[in-house]
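Please look over the sequence and the three-dimensional model below before reading on. The notes after it are meant to be read with both at hand.

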Amino acid sequence: MKTLQVHIVTPDGPVFDGDVEMITTKAESGELGILPGHIPMVAPLQIGAVRLNKGNETEFVAVNGGFVEVQQEKVTILAQTAEKADSIDIARAEEAKKRAESRLQGNQDDVDFKRAQLALKRAMNRIDVYKHH
């Protein structure tokens, strides 16, 4: 079966480099399923999981925003942060979720709700990706 060359890169360096048969991710406009030969495009990404399929194996990467660039046989994801499921510190992610939830539930005037909501989304994404591996 044909494959796509996939690169997931953050400011800290590469997170994933490999060949896959299909990649699924969440763009701002909705979910994208990308196969070899996909039309070239660039799209902003949501906080979400990137699913990488090859044969019977599926690998998950938690991505916090960024962009996906699709070329004929190559996909590049440029993300602020990205973590493979097996490298996620689940205790840290759950603690971040609790902190964000308590900020959102408190009635303090100095809380930046948008920032707390994004922190909660990031933490929940990391927890979901960890549970899928």
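Predicted model: local features only at pLDDT ≥ 70, side-chain atom pairs only at ≥ 80, totals over all residues.

Residues are numbered from 1 along each chain as its sequence is written, and side-chain values use heavy atoms, with hydrogens and water left out.

**Annotated span**
- The unreviewed UniProt entry carries the annotation "domain: ATP synthase F1 complex delta/epsilon subunit N-terminal" for residues 4-82; positions are in the numbering used here, feature names are shortened, and annotations may be inferred rather than shown by experiment.
- Residues 4-82 are 0% helix and 72% strand, and the end C-alpha atoms of the span lie 19 Å apart; helices (H or I, at least four residues) and strands (E, at least two) are DSSP runs, numbered from the N terminus.

**Sheet with mixed pairing**
- Five strands form an open sheet in the order β2-β1-β9-β8-β5, with mixed pairing, where two strands pair if DSSP finds at least two bridges between them.
- At the edges are β2 (13-20) and β5 (41-44), each pairing on one side only.
- Strands β8 (residues 67-71) and β9 (residues 74-78) are joined in the antiparallel sense over five bridges, and V68 has I77 in β9 as its bridge partner.
- L78, which lies in β9, has a relative accessible area of 48% and is therefore partly exposed (buried is under 20%, exposed over 50%, partly exposed in between, with a 1.4 Å probe and protein chains only).
- Not counting residues up to four places away in sequence, L78 touches V9, G65, G66 and F67, contact meaning heavy atoms within 4.5 Å.

- N125 is found in helix α2 (residues 113-132) and counts as buried because its relative accessibility is 8%.
- Leaving aside neighbours within four places in sequence, N125 is in contact with I47, G48, A49, A62, V63 and N64, and the side chain of N125 reaches the backbone oxygen of V63 at 3.4 Å.

Conventions: Polar contact = N/O pair within 3.5 Å; in protein donor to acceptor, adjacent residues only side chain to side chain.
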